[in-house]
Amino acid sequence: MKTLYVLRHAKSSWEDPSLEDKLRPLSRRGIKSVPHIANALVASRKIPELVISSPAERALQTTALLKSALAGYYETFVQKVDDRIYDTTPESLLEVLHDTPDSFETALIVGHNPELERFVELLCFGTDTGHLLLPTAALAILTMESAQWSAIQPASAILEALLPIKLLKRLAKD
């Protein structure tokens, strides 16, 4: 079985409204949230071996901060940037998943809404239900029935957890 983490990038900054969407960085709040995401990954005991990120600045920053926060728990993960994750469709995200080498048992996709919400719904329910909410810095944990990434089909995943950042922060206090 494969484990897929789906992470919406941390909170982005709107301080410079002249910036192109793809170039928007993280806000201070977004930067502070990433260690909480790392803690959740450590607690799951399945730290991703491969991280596939959108090329947008806020997703790249989220990935870099996550890598730094996980440094004490895990040697490193393979990091890949895939243009198909920015301004995409759930079907394109499924193609990204299908292109993932089977040598990786765990993978993390860092991207954007509404596509990530629709992607998780496609994997778990086979359709866009419109009921799943993935706020910034939220982490979805899915297990796949397949041993091969290329064989994963709609409605073949189990949503093990959906962890919004507010919950991750509360868990860190306990």
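Ala155 is partly exposed, with a relative accessible area of 44%; partly exposed covers the range between buried, which is under 20% relative accessible area, and exposed, which is over 50% (1.4 Å probe, protein chains only). Ala155 belongs to the loop between β5 and β6, where helices (H or I, at least four residues) and strands (E, at least two) are DSSP runs numbered from the N terminus. Although Ala155 is not a glycine, its phi is positive, at about 65 degrees.

The structure is a predicted model, in which local features need pLDDT of at least 70 and side-chain atom pairs count only at pLDDT 80 or more, while totals for chains, interfaces and linings use all residues. Residues are numbered from 1 along each chain as its sequence is written, and side-chain values use heavy atoms, with hydrogens and water left out.

Ala137 also has a positive phi, near 65 degrees, and is a residue other than glycine. Ala137 is located in the loop between α4 and β5. This residue is buried, its relative accessible area being 2%.

The strands come next. Six of them form an open sheet of mixed pairing, in the order β3-β2-β4-β1-β5-β6; two strands pair if DSSP finds at least two bridges between them. At the edges stand β3 (78–81) and β6 (157–163), each of which pairs on one side only. On average, and with direction ignored, neighbouring strands of this sheet are turned by 20 degrees against each other; the axes are lines fitted to C-alpha atoms, for helices over the stretch in contact, and angles run from 0 to 180 degrees between N-to-C directions. Strand β5 (residues 139–144) pairs with β6 in the antiparallel sense over six bridges. Leu139 has Leu163 in β6 as its bridge partner.

Helix α1 (residues 28–44) packs on this sheet and touches β1 (2–8), β5 and β6, contact meaning heavy atoms within 4.5 Å. The direction of α1 makes about 170 degrees with that of β1.

A cis peptide bond, with omega about 5 degrees, joins Asn113 and Pro114.

Among the side chains, the charged end of Arg24 sits over the ring of Trp14, 3.7 Å from its centre. A charge sits over a ring if NZ of Lys or CZ of Arg is within 6 Å of the ring centre and within 35 degrees of the ring normal. Lys67 lies over the face of Phe77, 5.7 Å from the ring centre.
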